[in-house]
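This report describes a few helices of one structure. The sequence and the model come first.

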Amino acid sequence: MIQKLRIASLVGIHLLILAHIYYFGDEVIGSVDFQEFFHAFLKYGIINAGVVLVILAFVSTLIFGRFFCGWACHFGAVQELSWWLLKKMGITPKTLNSSLITILPLFILLNFYIAPNLHHALNTPWEGITINLGMPDIWAFLPGFVIGTLTFVVDGFLIVYFLGRKGFCRYLCPWGAFLKLPNSLAMFKVRNTGGCSQCGNCTQSCPVGIDVSYEINNYGKVTNTNCTSCLLCTEGCPSSAISYKWASPLKENFQLKHYGLNREMYTMQAIRDKFHSVHTKDFLLLPLVLMFGFAIDGLYGMGHFLSFGIAAISGIYFFTPSATGPPEGSGAGRKYTKFKKPITALLLTVFIWHGVVKFSIWQGLQQYESNNYPSAISHLERVVKMYPKPIGRFHLILAEMYFESGEIDHAEKHALKSQTINPQHEGPKKLLEKIKGKSPK
Ligand code: SF4
Ligand code: SF4
């Protein structure tokens with residue numbers, strides 16, 4: 001019954017959003033996006049619809065736990081759908097355990113959302129707090145159709161196949177990381193009510209891979225801050241030994257050691273083969289995933305969720321020959337192993353290639369800003385040769401630098417290229433007029 005309610009909530013909330021857009025358009029309430037809290041409030045002191053959402057999610061988490069994640073989030077819903085589809089196809093991916101679960105979402109939150117916006121606010125203080133529920137518009141942070149679809153395919157479907165159920169929530173989601181602190185203090189939690197037979201059902205049914213059985217038997221409650229209050233564990237317990245119950249924070253037994261990983265977790269016979277630990281490879285995995293993520297982040301219009309989703313899947317794919325993909329020994333499993341080496345080589349080439357592109361863009365623009373044209377030209381020439389997506393801005397900058405350096409032929413070639421890519425842009429047109437004035441008659 002509870003799960004039917006939860007699915008109804010996940011579907012209903014999205015139907016309400018669609019109905020709202022249909023009836024009110026995008027003018028009354030703007031982007032209801034978590035990142036607004038950082039881009040609008042932290043940076044400028046603006047309270048908009050997204051900021052209201054974050055405040056509500058934060059306060060409700062203090063009371064009910066991460067209800068928002070389990071009952072309302074669209075990424076959560078897509079992953080549940082993916083899991084259900086995979087099960088229908090006879091595939092049950094193992095849940096991967098790694099320290100990345102703690103580090104990567106926190107890193108994405110701090111590096112992309114908190115640090116730059118806080119830095120801006122400290123250097124350019126707010127002019128007071130303003131309220132504007134209509135800005136930015138609903139579509140402001142949505143990527144285009146191709147990148148948007150790809151984000152859902154990677155972070156909704158592939159990530160479940162390779163990293164396990166709710167792989168995105170565990171390995172990437174910065175909003176989940178943001179809600180971990182209030183979740184650790186939540187008053188409603190899954191609690192031990194007595195009579196546990198240690199069957200392991202609760203751990204097996206937990207979509208975010210918490211060893212529920214271990215936690216309730218050793219800490220008296222689920223303390224793991226990834227808990228999304230989905231209540232699959234309570235519903236599946238044959239002994240009714242756990243329930244979602246309130247406790248006064250004044251009487252709660254808070255102990256720091258209850259929030260870390262314990263070696264004895266995931267060792268119960270009934271659950272062992274459902275999980276795969278890559279903790280011994282974490283020291284290699286973390287730098288690798290970060291390097292992969294930075295190598296592609298922002299290229300082709302990719303956002304952080306998509307680029308780090310691809311990076312996490314690829315990094316874990318390299319290090320876990322048998323944990324991901326179809327069961328070993330099956331026909332699909334054999335094919336999977338056969339293609340592993342060429343796929344690994346291809347992925348490495350793609351990441352290194354794009355890493356060079358990203359580095360060259362960064363260096364090229366820096367040197368251009370410092371008027372070091374010879375160095376900027378060599379970096380940006382490499383970019384336009386290696387980056388498969390033609391970017392008019394880079395050709396225009398190159399044209400400007402060649403023009404200033406007196407290399408008119410090169411300037412004209414890049415200005416024409418820039419104009420072909422962006423025919424509406426005034427920049428190449430103006431530069432071509434200047435070039436005409438300089439060309440020998
Ligand atoms: S511990 Fe229980 S309520 Fe929390 S996420 Fe796991 S199954 Fe859902
Ligand atoms: S499902 Fe219930 S009985 Fe089984 S281990 Fe979990 S709490 Fe104990």
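## Crossing of α17 and α18

α17 passes α18 in a left-handed crossing, a term for a near helix turned anticlockwise from the far one by less than a right angle. The axes of α17 (residues 340–369) and α18 (residues 373–386) come within 8 Å and cross at roughly 145°. Axes here are lines fitted to C-alpha atoms, for helices over the stretch in contact, with angles from 0 to 180 degrees between N-to-C directions. Helices are DSSP runs (H or I, at least four residues), numbered from the N terminus.

On α17 the contact residues include W353, V357, I361 and Y368, and on α18 they include H379, L380 and V383. Contact requires C-beta atoms, placed from the backbone, within 7 Å. By class, this contact has nine nonpolar, six polar and one charged residues. Ala, Val, Leu, Ile, Met, Phe, Trp, Tyr, Cys and Pro count as nonpolar, Asp, Glu, Lys and Arg as charged, and the others, Gly among them, as polar.

## Basis of the model

The model is predicted: local features need pLDDT of at least 70, side-chain atom pairs count only at pLDDT 80 or more, and totals for chains, interfaces and linings use all residues. Residues are numbered from 1 along each chain as its sequence is written, while chains are lettered from A and ligands numbered from 1 in the order in which they are written.

## Residue F178

F178 lies in helix α9 (residues 174–178). F178 is buried, with 22 other C-beta atoms within 10 Å; the cut-offs are 20 or more for buried, 12 or fewer for exposed, and partly exposed in between, with C-beta atoms placed from the backbone.

Conventions
Helix = DSSP H or I, 4+ residues; strand = E, 2+ residues; numbered from the N terminus. Contact = placed C-beta atoms within 7 Å.
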